[in-house]
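User: I am new to this structure and would like to talk it through. Could we look at it together?

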Amino acid sequence: MIVSRFPQFPHYEISIALYEDVTNVEELRAKANSSLPFALINASLVFSVEQLYSAVYRVLIEHTYNKIQTASFSSECLLRLSASTKVSESQKFGLKYPSNRIICVNIEETTDDSIERPDETIFELVKGKSAVLEDENLSKKCDADTLRKIYKLDQTFQPERPDEFSRALVNAIQLRGL
Amino acid sequence: MVNLNAVAPGGGREYYVALGLEGSANKLGVGVVKHPVVGKHEGGDFSYDCESQILSNVRDTYITPAGEGFLPRDTARHHKNWCVRLIKQALEEAGIQNAAKDLDVICFTKGPGMGAPLHSVVVAARTCSLLWGVPLVGVNHCVGHIEMGREITKAVDPVVLYVSGGNTQVIAYSEKRYRIFGETLDIAIGNCLDRFARTLRISNYPSPGYNIEQLALNCKKKDTLLELPYTVKGMDLSMSGILAYIDNLAKDLFRDNRKNRQLFDRDSDEAKISVEDLCFALQENLFAMLVEITERAMAHVNSNQVLIVGGVGCNLRLQEMMQQMCQDRANGQVHATDERFCIDNGVMIAHAGLLQYRMGDFVKDLSETVVTQKFRTDEVYVAWRE
Amino acid sequence: MSEDVLAKVYEYLTPGLPVVPIAQGAEAVVFTSEKHPYLPNSGKFILKYRPPKRYRHPSIDKALTKHRTIGEARLLTKLFLIEGLKVPKLIACDAYNGYLWLEFLGEELPHGKGFSNLKNFLWMYATDDGDPYCSIVEETLKKVGQQIGLLHWNGYCHGDLTSSNIVLSRSGKNETSWQPYLIDFGLGSTTDSVEDKGVDLYVLERAIISTHSAHAEAYNEWLLKGFSEIYKRYGDAGEVKLKEVTKRFQEVRLRGRKRSMIG
Amino acid sequence: MALEHSLDLQIPFETPQQAQIAVKVLKPDPILRPDDFEVDYVSNGSVLEVKFRSIDDRVLRVGVSSVINSVKTVVEAMDELS
């Protein structure tokens, strides 16, 4: 689990963790929409850490300066990952399609700006193996074809390096809805 | 090294005196300027500080009836009628009793401008030159504005916004030329305002632009601005589309065309927009574009000074906006002049022509005095600056 | 730079994200930051802020700021997808407030010659004992022309092509080859208009003439050469379009010189 | 087309010098349509002689009136300013 704060938003603590071989996906799906305070993201649609954080940054920008369009930080995370303005489309990033690799994102408003020791209990509902959240791990197991479809990247776009693919995703996330 | 004292003043005087004649558009202006011989001018670029004294500055404007513009032939006739009288008046006011002895040079506008009016004035200039045996200098009208503006405001090396009936340019000095960094791609700002004033059929006295400015001040709904096309293209701008757009609105307003819902309320059918609102919106939009391209040029040449010249430069709203732009830039300064110098005048031609004369550049053969409608600012070799 | 503008930016960013102002363009103030806005990476990043302009009516100002911030961000993402075209990477976009985060490009030129945009680069070779016609200059200008060629061929225009809006980057201090990047797309557009392209070329030509007049002829020739190379890659169709663009370019240039200036 | 329409003017000045000045003032300006209209100025003693030739009387009239207007300015300047 990684706990961090963005320098521009010191009063929000962002906890992110990647779980593999999750066994209780059905249970999580049932709870995802209502009772869970954190976002559950299908890890196979996350290509890079940059993609993920870029979406979280936009959640906080929208939250602070505009207004978030969904009920909670957790659903807003899915929305901001999506390239489409439709909320229903953003469900693809959740557990709409079964996946046993899940990324959990929790955004918490805090009174101070100190970084706490990771609180491993916040995601304890997820029954799976904690894995390292890093680009190599993500990109290797990522469903690139679906990502291309979601982000409307056709086959003429053939990046030489993985960071260029990631850049295309960040582009789409930053421009969504504008 | 620039030496402005290379040519000694005539008659053993300690100062130069120049007569300037301007008539490129509907203003006929005659002025007399005096430059004292100052030691510092021998070595270095002090062309912005000639310690010049204005001995006289007289002007007569050809005013057309409301709704009408000025045509070249009628304007030329006006200038012919008044030119000699104005020269006489300017010389008297300046205390010049013997022009042959007391003048160093006669300066006239060579261009750009309307051909026939320019010609009317140069005929008088040539005659005076031959009668008195005083040399002639042909001056670029735009350079006249720039040099007069620098002299009055002491702006050393400003970005110049030149806005008048015939010109809209953003200019900066570089390597012996006043170079044009941005300009209108179609009509000039003053032309745009004049033509809109004609559509509104408002008076051309003292000038159409001034009357638009006054109407804009009386706009009652300054918070809700009528949206107009905003057409900045890099450091250039285009205004014909905006004029066409607002002209149509004005015509619909006069025709009482209630189908135009931009103008008339859907429910009450009452006009939502007044002539004052149109004038306000037009000024806000056009001037925002002018200030923006000026700021672009400033950023490009790393300058923090602006000098506004030309007739539209009298507009206080434009000056205010330019001021606000400069306040937000490091050490930004705005220099503007009042109507005596902003509006076309003879003094500016005398001053710029005298700078040229002092660098040894004057007419050697009358064939060089043929006026020209098209004469770009950057064609002039600016010998008097480093 | 006005204190008000800086105060506003510092408040937006909070003390946790310190930035240093490096340039004030006409529209935007540019800052550098050592911190990335959302990644733990440190390095050098650009924050471009379009402050409200007091001089213009609030409704014009709001519309322009939003339109240009979004426009620039959108164009950067589209241009990134064009093979061979080099533009800075978009990191984040906050259109409501007029902020863009971008990748930092370029470097300080040696001997205090300033930041490595094309303008300073050309000045560097024009002053002291530099050779303004050396092969590095020629190569670089051709590459700049190619970048513009790629931009135009793919249906885009820059809208404000000046030598300050072209940044040169190289892989290392000893590397002699420079890669030009087009920056500052606030006035850019998606367009197939031959007129817009002609104006783009004219604006750049004039910028070169006004700031690098002594060598402008050769410089503009090299730029145009690079530009043409891109079009010529596309055979007859390319040649036809190239002719259209260069013909219009000459017309725009002529219009500029001959524009009637009568009141 | 030949320039068949013509008009000669003799304008008396007070002195030969004045007539010479008038020639010098009027001469430099180019004719806008040299194929349609020609004008020639000479001084003969204190008289300014102007010869006009034109393709038709309309062009002739416009040209003559323009020159007369200029001559008026010259004369006025001589009267008032010398």
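This is a predicted model: local features need pLDDT of at least 70, side-chain atom pairs count only at pLDDT 80 or more; totals for chains, interfaces and linings use all residues.

User: Fine. How many helices and strands does chain C have?

Analyst: Chain C contains 7 helices and 9 strands. Its radius of gyration is 19 Å, close to the 18 Å that the globule rule gives for 263 residues, so chain C is as compact as a globular protein of that length.

User: And what does the C-alpha trace of chain C span along its principal axes?

Analyst: The C-alpha trace of chain C spans about 55 × 50 × 40 Å along those axes. Of the 263 residues in chain C, 49% are buried.

User: What about contacts in chain C between residues at least 6 apart in sequence: what share joins residues at least 24 apart?

Analyst: That share is 61% of those contacts in chain C.

User: How is chain C divided into domains?

Analyst: Domain 1 of chain C covers 3-103, and domain 2 of chain C covers 110-258. Their C-alpha centres lie 24 Å apart. In the contact between them, 13 residues of domain 1 of chain C meet 13 residues of domain 2 of chain C. The domain 1 side of that contact divides into 7 nonpolar, 2 polar and 4 charged residues.

User: Switching to chain B: how is that one divided?

Analyst: Domain 1 of chain B is made of 10-150 + 344-379, while domain 2 of chain B is 155-341. The centres of the two domains, taken over C-alpha atoms, are separated by 29 Å.

User: How many residues are in contact between those two domains of chain B?

Analyst: There are 24 residues of domain 1 of chain B in contact with 28 residues of domain 2 of chain B. On the domain 1 side, the elements that give two or more residues are α4 and α11 (346-358) of chain B. The largest share of that side, 7 residues, comes from α4(B). By class, the domain 1 side has 11 nonpolar, 9 polar and 4 charged residues.

User: Where does α4 of chain B lie?

Analyst: Helix α4 (residues 141-153) of chain B lies across β4 and β5 of chain B, and runs at about 85° to β5(B).

User: What is the order of the strands in the open sheet of chain B?

Analyst: That open sheet has 5 strands in the order β3-β2-β1-β4-β5 (chain B), and the pairing is mixed. β3 (53-61) and β5 (136-140) of chain B are the edge strands, each pairing on one side only. Direction ignored, neighbouring strands of the sheet are turned by 20° against each other on average.

User: Do β1 and β4 of chain B run parallel or antiparallel?

Analyst: They run parallel, and 4 bridges join β1 (residues 15-22) of chain B to β4 (residues 105-111) of chain B. B:G20 stands opposite B:C107 in β4(B). Helix α1(B) also packs on the sheet, where it touches β2 (27-36) and β3 of chain B, and its direction makes about 25° with that of β2(B).

User: Last topic: how many residues does the contact take from chain B and from chain D?

Analyst: The contact takes 19 residues from chain B and 17 residues from chain D. On the chain B side, α1 (72-94) and α3 (115-132) of chain B are the elements that give two or more residues. α3(B) gives the most to this side, with 9 residues. The residues of the chain B side divide into 11 nonpolar, 5 polar and 3 charged.

Key:
Residues are numbered from 1 along each chain as its sequence is written. Chains are lettered from A and ligands numbered from 1 in the order in which they are written. The radius of gyration is taken over C-alpha atoms; the globule rule is 2.2 Å times the number of residues to the power 0.38. A residue is buried if 20 or more other C-beta atoms lie within 10 Å of its own, exposed if 12 or fewer, and partly exposed in between; C-beta atoms are placed from the backbone. Two residues are in contact if their C-beta atoms, placed from the backbone, lie within 7 Å. Ala, Val, Leu, Ile, Met, Phe, Trp, Tyr, Cys and Pro count as nonpolar, Asp, Glu, Lys and Arg as charged, and the others, Gly among them, as polar. Two strands pair if DSSP finds at least two bridges between them. Axes are lines fitted to C-alpha atoms, for helices over the stretch in contact, and angles run from 0 to 180 degrees between N-to-C directions. Domain bounds come from an automatic or database domain assignment.
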